[in-house]
Protein chains: 2
Amino acid sequence: MTTCGMDTADFRRRGKEMVDYIADYLENIEQRDVYPDVQPGYLRSLIPNKAPEEPDAYEDVIRDIERVIMPGVTHWHSPYFYAYFPTASSYPSMLADMLCTGIGCIGFSWAASPACTELETVMLDWLGKMLHLPDDFLAEATGQGGGVIQSTASEATLVALLAARSRIVRKIQEDDPDRQELDIISRLVAYSSDQAHSSVERAGLIAGVRMKKVPADKTFAVRGETFSAMLKEDKEAGLIPFYFCATLGTTPSCAFDCITELGPICNAENMWMHIDAAYAGSAFICPEFRPLLNGVEFADSFNFNPHKWLLVNFDCSAMWVKKRADIIGAFKMDPLYLKHDHQESGLVTDYRHWQIPLGRRFRSLKMWFVFRLYGLKGLQAYIRKHVGLAKEFERRVREDQRFEISADVVLGLVCFRLKGSDETNKTLLKRINEARKIHLVPCQLAGSFVLRFAICARTTESRHIQEAWSHISEIASKVLQDLPN
Amino acid sequence: MTTCGMDTADFRRRGKEMVDYIADYLENIEQRDVYPDVQPGYLRSLIPNKAPEEPDAYEDVIRDIERVIMPGVTHWHSPYFYAYFPTASSYPSMLADMLCTGIGCIGFSWAASPACTELETVMLDWLGKMLHLPDDFLAEATGQGGGVIQSTASEATLVALLAARSRIVRKIQEDDPDRQELDIISRLVAYSSDQAHSSVERAGLIAGVRMKKVPADKTFAVRGETFSAMLKEDKEAGLIPFYFCATLGTTPSCAFDCITELGPICNAENMWMHIDAAYAGSAFICPEFRPLLNGVEFADSFNFNPHKWLLVNFDCSAMWVKKRADIIGAFKMDPLYLKHDHQESGLVTDYRHWQIPLGRRFRSLKMWFVFRLYGLKGLQAYIRKHVGLAKEFERRVREDQRFEISADVVLGLVCFRLKGSDETNKTLLKRINEARKIHLVPCQLAGSFVLRFAICARTTESRHIQEAWSHISEIASKVLQDLPN
């Protein structure tokens with residue numbers, strides 16, 4: 001008995017049509033407006049207000065992709081998309097994702113699908129070696145570390161924070177068994193840069209701990225001296241500093257906290273240092289960018305998103321910890337649990353203890369396909385190409401006396417603005433986005449309104465950068481013309 | 001310049017081959033052992049210990065699926081898989097998932113891809129109507145509710161708990177502005193059934209609040225009287241009850257907490273009632289099972305997993321709230337944030353405020369394809385078929401005097417055991433799983449070791465149930481024979 005018109009033979013046919021639809025979409029994506037021209041609520045009126053009783057025809061569903069969905073899509077993989085940070089997309093990753101869906105196993109424990117757990121552990125080792133992470137972070141080493149795929153960097157930040165909270169509570173109670181957990185928690189204080197992503201502050205709210213922002217310097221990086229001074233003050237006020245989330249590649253300007261200074265301070269203070277390199281991390285596979293990661297040896301945990309810049313489709317956020325027991329212990333603190341903890345030191349890994357959700361997809365297949373079908377050299381070439389395109393855009397901006405560069409261009413992000421008022425720059429951005437040819441988003445840097453130009457799509461080439469710059473330059477001319485004298 | 005050997009033409013070819021591989025896999029899945037015969041650590045030795053410098057040949061990668069991956073896969077979609085609860089898989093969902101990956105947008109805000117947000121809102125309305133949820137929970141209504149896709153039920157439980165924590169703190173501080181947040185939190189107490197999933201207790205650990213287990217009755221359901229007595233005692237001890245997570249369809253035995261009794265209590269006490277119907281929720285689309293959801297009108301939030309039993313591939317956990325502002329307010333409590341909150345009452349939804357992670361896939365496409373290509377009647381037929389198969393298995397067990405049924409069979413789960421010792425039943429389960437023909441997991445019910453038989457695969461038919469029962473029955477005979485007299 002079948003309850004749906006679609007059998008395996010139909011799937012073979014429709015699946016192949018879908019492959020062609022996706023190939024056509026990506027091949028011709030430049031011809032679509034990168035940013036959609038719809039008003040909030042546009043979609044509801046285009047489709048029925050309830051599910052059909054009887055199945056719809058497949059042809060109708062497919063027709064509705066262009067009628068209902070595409071008009072409302074922001075095309076992240078268009079070479080004219082320069083907003084936010086990239087989200088990765090590659091053919092090897094898409095193929096692996098199909099396989100992942102086809103197998104459809106849930107990997108919450110080793111037994112639930114051993115291959116799902118084991119490939120993940122080994123892929124995180126492969127990737128860790130590409131980054132030249134210290135051996136402490138690898139599972140194959142004799143140490144106590146290892147890696148895991150989280151869904152997003154926000155979750156990695158939270159998991160690290162919960163692990164740190166649990167570790168400090170345990171440590172204080174070891175010395176002072178009568179001290180109440182909530183009393184300890186009420187004195188805890190976590191830190192991040194004032195340039196850090198809002199998800200770091202959000203992690204603090206979720207975990208119910210005080211979160212303070214350390215002021216960054218003129219290059220938007222946190223320095224050791226500022227941090228030390230804050231710690232001293234907070235300790236004198238009776239607080240317990242326990243966690244620092246360093247950012248390598250901040251969202252506004254891709255700035256790098258000075259972890260070679262901050263790491264030793266965290267270590268000396270017995271604080272957990274987590275490194276969030278969500279965007280920038282992918283670049284560390286290139287020897288010339290690896291020095292940006294120097295200081296990782298001081299960290300307790302490190303995270304970046306291959307799903308941003310390493311050609312692995314969302315979601316795939318790679319996280320490593322130096323001590324597996326720390327992260328597993330974050331969610332359980334009672335003695336009973338230690339039995340499971342013990343298992344973890346052996347060969348069996350139950351990744352459900354490493355993350356917030358219970359269920360998990362077989363995401364390491366995507367890493368496996370991408371790493372093998374690009375090879376390390378292919379991945380490095382991809383990173384270098386993007387950085388080269390950013391430098392090319394930067395040169396254009398610098399050549400135009402009307403503009404200024406607002407932050408060092410280290411990787412694939414260029415922060416720039418018209419010399420002049422925020423108002424003028426807001427008008428510029430508004431007109432750029434309204435034209436829908438390219439798409440950018442702004443940021444705030446040192447109190448000024450700044451435009452962010454991030455190299456995003458896999459298929460962005462020099463000609464797109466030239467086009468984008470001509471387009472921006474033209475709109476800027478009009479904006480400046482329209483200014484009251 | 002391309003950095004990978006695979007261009008769009010290659011993707012067309014390899015994508016179609018992958019469609020066939022997946023179709024072949026699912027068509028012939030019965031011929032594979034459902035549970036893998038590998039030892040922990042099996043995979044590492046089968047592949048290199050680092051990524052290749054140069055790209056591997058595609059043929060080698062594909063060959064390795066059978067060589068490296070498949071030997072370690074637990075085949076969740078085999079009709080011989082009866083472990084845990086089902087994870088959904090259907091061809092319409094797989095096609096939609098391919099499209100989701102192809103579009104590859106990230107839907108953290110409306111603007112990041114309006115179609116992604118808007119289709120989700122409407123699909124949650126469609127699904128809410130299939131379940132006959134009160135209008136309060138729908139976004140299209142004039143009320144303040146709406147739905148969102150979470151990754152897993154664990155995350156929905158946590159999000160609801162955080163929303164409840166934030167709501168109670170706000171409420172108490174309104175009356176008593178000097179009262180410290182941590183003082184309030186130190187007195188909070190949340191509740192769930194002692195049959196509830198471990199992720200509920202875990203949510204309490206993450207949120208840093210006390211979590212108590214309410215003893216279930218003989219049918220494994222929490223009743224109002226027990227709950228009231230606990231609340232009274234806790235309030236007398238100075239605690240502040242604020243959250244109850246009711247379970248409809250518990251993991252051990254698919255029992256149903258009595259929400260028509262518990263709901264009014266929660267409402268009277270100003271407690272947040274969250275309903276976790278992760279597995280059972282899908283059944284409520286059938287009128288004959290909808291009464292199991294009676295009492296949902298008292299809830300603040302409701303969640304179930306279409307990715308379990310409604311043919312939508314993982315991940316897709318549907319969550320509704322009566323007041324959008326409650327859930328959004330969970331992560332921000334400062335006045336500045338209220339400005340954003342205000343936006344939420346309008347047409348623009350930014351789903352990043354509804355969830356733990358920041359990024360999100362275009363998952364509503366899967367719901368859209370499945371709902372349209374099955375139609376409500378097709379989905380209902382699917383649920384009824386599974387329940388029918390469970391009843392068929394139950395009859396077999398009841399006909400065999402050596403066995404007993406351990407809990408009411410309401411939906412697709414049968415809990416059963418050999419009359420006799422736990423030891424005998426443990427041996428039975430061990431031998432069943434070692435034979436690798438079918439796969440089951442156990443549970444603990446009323447202090448006894450019990451076997452769980454859950455109808456899982458889409459393609460399970462009566463003949464598989466008959467085979468499974470013959471197989472179990474045969475092994476049982478041997479186990480009983482081997483018992484010392």
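**View 1. The two chains of the predicted model.** A rotation of 180 degrees, with 0.0 Å of shift along its axis, places chain A on chain B with an RMSD of 0.0 Å (least-squares superposition on C-alpha atoms of residues with pLDDT of at least 70 in both copies). The two copies are thus related as by a two-fold rotation axis. Of the interface residues of chain A, 100% are also interface residues in chain B, so the copies meet through the same surface. This is a predicted model, in which local features need pLDDT of at least 70 and side-chain atom pairs count only at pLDDT 80 or more, while totals for chains, interfaces and linings use all residues. Residues are numbered from 1 along each chain as its sequence is written, chains are lettered from A in the order in which they are written, and side-chain values use heavy atoms, without hydrogens and water.

**View 2. Helix H13 of chain A.** Between its end C-alpha atoms, H13(A) (residues 364-399) spans only 44 Å, whereas a straight helix of 36 residues would span 52 Å at 1.5 Å a residue (1.5 Å times one less than the number of residues; helices are DSSP runs of H or I, at least four residues). At Gly375(A) the helix bends by about 90 degrees (angle between axes fitted to the seven residues ending there and the seven starting there). Of the 36 residues of H13(A), 27 are buried (under 20% relative accessible area, 1.4 Å probe, protein chains only).

View 3. Lys308(A) lies in helix H10 (residues 306-309) of chain A. Beyond its neighbours within four places in sequence, its contacts include Phe85(A), Thr87(A) and Tyr279(A) (heavy atoms within 4.5 Å).

Note on methods:
Helix = DSSP H or I, 4+ residues; strand = E, 2+ residues; numbered from the N terminus. Buried < 20%, exposed > 50% of the residue type's maximum accessible area, 1.4 Å probe, protein only.
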